Amino acid sequence: MTVQPDTTGADRALKARHRAMWALGDYPSVATEVIPRLGATLVEACRTGPGQRVLDVAAGTGNAAIPAALTGAEVVASDLTPSLLEAGQALAAGRGAVVDWREGDAEALPFADGSFDVVLSCVGVMFAPHHQAAADELVRVCRPGGTIGMINWTPPGFIGQLFGRMKAYTPPPPPGTQPPPLWGSAEHVRDLFGDRVAEVTATVDSAVIDRFADGRQFRDFFKAHYGPTVAAYRNLAGDPERVAALDEDLAGLARSHDRGNGVMHWDYLLWTGRRTG
C-alpha cells in the first residue's frame, strides 16, 4: 500500500530546511572530487543503455544522471534543491551529456506511474526523511519489469559513523523521520519494497577515498563543503567549546579510518531489483 507523504505545514517546513541544507557549502565539489566514480558504478550495475528512459531521484548534481546519459539513455534528473540542479546542468554541458533537470521531492515525484525503465539514486534518496514514502514513489514511477537501483551509505560504514558523530551536535529530528544510513541496510530496503521487487542483488562494497592527506584535511573540507556538516557547525555558532569538540570528533573519525597516506574506504550498499507486475 502506498504511504502518502505528510503535506502538513510541519512537513513543508522540514523539506524547506532540507532544501536549504543541501544548498550550503559546495556539494558539487564533494561529488566531483570525493566520490566521482560512484554514479557510474550504479549505472553499470543497472545495465543502463540506449533506448531506456531513466530517472535519477535526488540526483544532486548528476553523479549518476550524467554517466547514464552518456550511455545513450534518455535521462531525467530530479532533486529538491534547485542550486544543485543548476550546478548539474553546467557539469552535464561540460561533458556533452543531455539531461532533463526537474525540481522534485523524492516523496512526491512529479511523474506519471510507470514512466521509466530504470529508476536509480546514488546516495540521494536515502536523505528523504520518510523512507516508506520515498520507496513507494520509486516503485510507482518505474514500469513493471523495470529496474530500480541504489547506492546508499551503510550504517556501520564511514558516512554512517559521520552522521552518528554529528547527531550529538544537531537538534533532534522530527517525529516520524528515519536516519539516512538505514537505507544502507539490505534488510531495511527489503522491508520497504516487500514483494514489489524481485531478482534483488544487494552487495556491500567500498568507495576508495584518496582526496585527503589526513583527518584534519577531511574535517576542514567537509566543514566547508558538505551541507549536513556545514549545518551542524552553524547550529553550534557561539559555542566554541562544542565547535572544538566536533572538530576533534570529525578529524578523529577520519584518522580511525586512515589505511595509510590518508586513504579511506567508505562502505556502501549497492542494491538493484526488478519491479514486479
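Guide: Helix α1 gives the most to the lining of the largest pocket, with six residues. Helices here are DSSP runs (H or I, at least four residues), numbered from the N terminus. A pocket, on a 1 Å grid over the protein atoms alone, is an open set of points where a 1.4 Å probe fits, with protein on both sides within 12 Å along at least five of seven lines, and lining residues have an atom within 4 Å of a point. This is a predicted model, in which local features need pLDDT of at least 70 and side-chain atom pairs count only at pLDDT 80 or more, while totals for chains, interfaces and linings use all residues. Residues are numbered from 1 along each chain as its sequence is written, and side-chain values use heavy atoms, with hydrogens and water left out.

Back to the pocket itself: α1 (9-23), α7 (158-167) and α10 (227-235) each supply at least two residues of its lining. The volume of this largest pocket is about 960 Å³, a volume being the space filled by probe spheres set on grid points that are joined across faces, edges and corners. It is lined by 30 residues, and those closest to its centre are His-18, Met-21, Thr-170, Pro-171 and Pro-173. By class, the lining has 20 nonpolar, seven polar and three charged residues. Here Ala, Val, Leu, Ile, Met, Phe, Trp, Tyr, Cys and Pro count as nonpolar, Asp, Glu, Lys and Arg as charged, and the others, Gly among them, as polar.

A cavity differs from a pocket in that the probe fits but cannot get out. This largest cavity has a volume of about 410 Å³. Among its 35 lining residues, Trp-22, Ala-58, Asp-79, Gly-124 and Phe-127 are the closest to its centre. The elements that give it two or more residues are α1 and α2. Its lining divides into 21 nonpolar, eight polar and six charged residues.
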